[in-house]
Amino acid sequence: MGFATCVYCGRVLTAAGTDPQGPSMAGSERGKKLPVCLDCRRSKRDRPLTMWLRMLKKKDRMRWDRIVKHHSRRTGGEITLAVRRVERER
Ligand SMILES: [Zn+2]
């Protein structure tokens with residue numbers, strides 16, 4: 001497997017390197033396999049996407065800011081839309 005980026009935070013994943021377990025694949029909301037970095041996978045576990053994003057916004061500002069920045073340049077996509085939605089919440 002070559003290079004992939006984490007669908008949540010945009011971190012580059014390599015088969016051997018930054019991520020000791022290599023790219024991990026996690027199910028999206030539609031059950032598709034997507035690359036996810038170890039940190040995001042450990043943090044999200046099996047929480048629903050929106051619930052996880054709300055939790056990050058409150059308790060893990062560093063990861064939340066990284067995710068918002070990564071998705072600010074993207075258009076559409078269920079993860080990007082969920083990030084925007086949670087970003088607008090107060
Ligand atoms: Zn990540």
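## About the model

The model is predicted, so local features need pLDDT of at least 70 and side-chain atom pairs count only at pLDDT 80 or more, while totals for chains, interfaces and linings use all residues. Residues are numbered from 1 along each chain as its sequence is written.

Helices (H or I, at least four residues) and strands (E, at least two) are DSSP runs, numbered from the N terminus.

## Helices α3 and α4

Helix α3 spans residues 61-72, and helix α4 spans residues 78-88. Their axes come within 10 Å and cross at roughly 125 degrees. Axes here are lines fitted to C-alpha atoms, for helices over the stretch in contact; angles run from 0 to 180 degrees between N-to-C directions. The two helices are therefore oblique to each other. Angles under 35 degrees count as roughly parallel, over 145 as roughly antiparallel, 65 to 115 as roughly perpendicular and the rest as oblique.

From α3, Ile67, Val68 and His71 take part in the contact. They meet Ile79, Thr80, Val83 and Glu87 of α4. Two residues are in contact if their C-beta atoms, placed from the backbone, lie within 7 Å. The contact residues divide into four nonpolar, two polar and one charged. Ala, Val, Leu, Ile, Met, Phe, Trp, Tyr, Cys and Pro count as nonpolar; Asp, Glu, Lys and Arg count as charged; the others, Gly among them, count as polar.

Trp52, Leu53 and Leu56 are buried in helix α2 (residues 49-59). They cover an arc of only 100 degrees around the axis, which puts them on the same side of α2. The arc is that of the directions from the helix axis to the C-beta atoms. The buried residues pack against α1 (38-44), α3 and α4.

The face turned away from the buried side carries the exposed residues Met51, Lys58 and Lys59. A residue is buried if 20 or more other C-beta atoms, placed from the backbone, lie within 10 Å of its own, exposed if 12 or fewer, and partly exposed in between.

## Two loop residues

Arg45 sits in the loop between α1 and α2. Its phi is positive, about 50 degrees, although Arg45 is not a glycine. Arg45 is exposed, with 8 other C-beta atoms within 10 Å.

Cys6 lies in the loop between β1 (4-5) and β2 (12-13). Cys6 is buried, with 24 other C-beta atoms within 10 Å. Leaving aside neighbours within four places in sequence, Cys6 is in contact with Arg11, Leu13, Pro35, Val36, Cys37 and Cys40. Cys6 and Cys40 are 34 residues apart along the chain, and their C-alpha atoms are separated by 8.2 Å.
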